[in-house]
Amino acid sequence: MKHVILLKRLLLLIWAVWMSIVFLTNLADAGKGLGLLRESWSFASGNWNLLQKTTARYAMPSSVNAVLFAGVILWEGLAAMLFWLAGLSYRGRGSARKVLYLAFMTSLLLWAAFLVADEILISYDLESPHLRLFVAHLVTLLAVDLLPEG
């Protein structure tokens, strides 16, 4: 049943790659916002401008948005790192248990925080993708935890 272990490991590494890209595109977007990168820099998420538009309802100061954005970037970086550690160290049920659960706890809490923020900011158009990501991470955790390995 080594193929099941390989599948689980690949699922973890897919989330590691995906979360790393999310982290890097948001980091680049922050670099554009700070003037460290040119506006023509295309590998950027656009989430900084989206955050400003979303929080405009409450006239949120730019400094508060900057702290929120920095917090999200750090959170995404931590999740990416934990998924890399989980994926690279996974050898089957019982291995890398702590880092596996830390990776999923970090990502699930991130998406849950976004869901709460979407409600507070009455940003229903963003809620659906955040809910899908929450469910996708939860389903992956269940697959890694429950699929029999032999």
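Colleague: Which residues of α2 and α3 meet each other?

Modeller: In this predicted model, Asn47, Trp48, Leu51, Gln52 and Thr55 of α2 touch Ser62, Asn65, Ala66, Leu68 and Phe69 of α3. Sorted by class, the contact of α2 with α3 holds 5 nonpolar and 5 polar residues, with no charged ones.

Colleague: At what angle do the axes of those helices cross?

Modeller: Helix α2 covers residues 47-55 and helix α3 covers residues 62-89; their axes come within 10 Å and cross at roughly 130 degrees. The two helices are therefore oblique to each other.

Colleague: And is that crossing left-handed or right-handed?

Modeller: The crossing in which α2 passes α3 is right-handed.

Colleague: Let us turn to α1 and α5. How do their axes lie?

Modeller: The axes of α1 and α5 come within 9 Å, and the crossing angle is roughly 155 degrees. An angle over 145 degrees counts as roughly antiparallel, so α1 is roughly antiparallel to α5. The crossing of α1 and α5 is left-handed.

Colleague: Which residues make the contact there?

Modeller: From α1 come Lys8, Leu11, Leu12, Trp15, Trp18 and Met19, and from α5 come Leu133, Ala136, His137, Thr140, Ala143 and Val144. The contact of α1 with α5 divides into 9 nonpolar residues, 2 polar and 1 charged.

Colleague: Moving on to charges, how many salt bridges are found in the whole structure?

Modeller: A search of the whole structure gives 2 salt bridges. In general, side chains of opposite charge can pair when their charged atoms come close.

Colleague: What is the partner of Lys8?

Modeller: Lys8 forms a salt bridge with Glu149, and the closest N and O atoms of the pair are 2.9 Å apart. This pair links distant parts of the chain: Lys8 belongs to helix α1 (residues 2-33), while Glu149 sits in the segment after α5 (124-146), 141 residues apart.

Colleague: Are Lys8 and Glu149 buried or exposed?

Modeller: Lys8 and Glu149 are both buried.

Colleague: What about Asp145 and Arg97: what joins their side chains?

Modeller: The side chains of Asp145 and Arg97 meet in a salt bridge, at 2.4 Å from N to O. Here too the pair links distant parts of the chain, with Asp145 in helix α5 and Arg97 in helix α4 (residues 97-120), 48 residues apart. Arg97 has a relative accessible area of 25% and is therefore partly exposed.

Colleague: Now for the backbone. What is the phi of Ala59?

Modeller: Ala59 has a positive phi of about 50 degrees, although Ala59 is not a glycine. This residue lies in the loop between α2 and α3. Its relative accessibility is 63%, so Ala59 counts as exposed.

Colleague: And where is Ile122 found?

Modeller: Ile122 is in the loop between α4 and α5. Ile122 is not a glycine either, yet its phi is positive, at about 50 degrees. At 37% relative accessibility, Ile122 counts as partly exposed.

Colleague: What separation do the C-alpha atoms of Met81 and Leu37 have?

Modeller: The C-alpha atoms of Met81 and Leu37 are separated by 24 Å, and the two residues are 44 residues apart along the chain.

Key. Residues numbered from 1 in each chain as written. Predicted model: local features only at pLDDT ≥ 70, side-chain atom pairs only at ≥ 80, totals over all residues. Heavy atoms only, no water. Axes fitted to C-alpha atoms, helices over the stretch in contact; angles between N-to-C directions. Helix = DSSP H or I, 4+ residues; strand = E, 2+ residues; numbered from the N terminus. Parallel < 35°, antiparallel > 145°, perpendicular 65-115°, else oblique. Left-handed = near helix turned anticlockwise from the far one by under 90°. Contact = heavy atoms within 4.5 Å. Nonpolar A, V, L, I, M, F, W, Y, C, P; charged D, E, K, R; others polar. Salt bridge = Lys/Arg side-chain N within 4 Å of Asp/Glu carboxyl O. Buried < 20%, exposed > 50% of the residue type's maximum accessible area, 1.4 Å probe, protein only.
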